[in-house]
Amino acid sequence: MLTQENNQTQLNNTLNVLLTELGEECSTVLTLLNQLKLANLSIDQKGDILAQLSSSISHLHVHTEDLPDLIGDELFQLPDEE
């Protein structure tokens, strides 16, 4: 059985970097979404959070544009199970 660390090192380097960045940006989005749920946000705070959320979503869009193809390539390279 492969450990998670060994499994990650077997991924295409570009895919590995993109998946790491995806995880980090998703964490940022979740943090911002939770901040929006806070009571008593000022208009400025809400505006700042929404601006950061918009930026994070744009970042996700740009960095995941080729991700399905890279994942598909990785899947294609997996050995067939017998």
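Visitor: At roughly what angle do the axes of helix H2 and helix H3 cross?
Guide: The axes of H2 (residues 13-36) and H3 (residues 43-63) cross at roughly 155° and come within 10 Å. Helices here are DSSP runs of H or I of at least four residues, numbered from the N terminus. This is a predicted model, in which local features need pLDDT of at least 70, side-chain atom pairs count only at pLDDT 80 or more, and totals for chains, interfaces and linings use all residues. Residues are numbered from 1 along each chain as its sequence is written, and side-chain values use heavy atoms, without hydrogens and water.

Visitor: Which residues make the contact?
Guide: From H2, the residues in contact (heavy atoms within 4.5 Å) include Leu-18, Leu-22, Cys-26, Val-29 and Leu-36. From H3, they include Ile-49, Leu-53, Ser-56, Leu-60 and His-63. By class, the contact of H2 with H3 has 11 nonpolar, 6 polar and 3 charged residues.

Visitor: Changing topic: at what angle do H2 and H4 pack?
Guide: H2 and H4 (residues 67-77) pack at about 130°, with their axes 10 Å apart. H2 and H4 are therefore oblique to each other, and their crossing is left-handed.

Visitor: Which residues of H2 meet H4?
Guide: Thr-14, Leu-15, Leu-18, Leu-19 and Leu-22 of H2 meet Leu-67, Leu-70, Ile-71 and Glu-74 of H4. These residues divide into 7 nonpolar, 1 polar and 1 charged.

Visitor: How many cavities of 30 Å³ or more does the structure hold?
Guide: The structure holds 1 cavity of 30 Å³ or more, a cavity being a set of points on a 1 Å grid where a 1.4 Å probe fits but cannot get out. The largest cavity has about 40 Å³ of space.

Visitor: What lines the largest cavity?
Guide: The lining residues (an atom within 4 Å of a point) are Leu-18, Glu-21, Leu-22, Glu-25, His-59, Leu-60, His-63 and Thr-64. They divide into 3 nonpolar, 3 polar and 2 charged.

Visitor: Which helix gives the most to the lining?
Guide: H2 gives the most, with 4 residues. H2 and H3 each supply at least two residues of the lining.

Notes
Axes fitted to C-alpha atoms, helices over the stretch in contact; angles between N-to-C directions. Nonpolar A, V, L, I, M, F, W, Y, C, P; charged D, E, K, R; others polar. Parallel < 35°, antiparallel > 145°, perpendicular 65-115°, else oblique. Left-handed = near helix turned anticlockwise from the far one by under 90°. 1 Å grid on protein atoms, 1.4 Å probe; cavity = no way out; pocket = protein on both sides within 12 Å on 5 of 7 lines; lining within 4 Å. Points joined across faces, edges and corners; volume = space filled by probe spheres on them.
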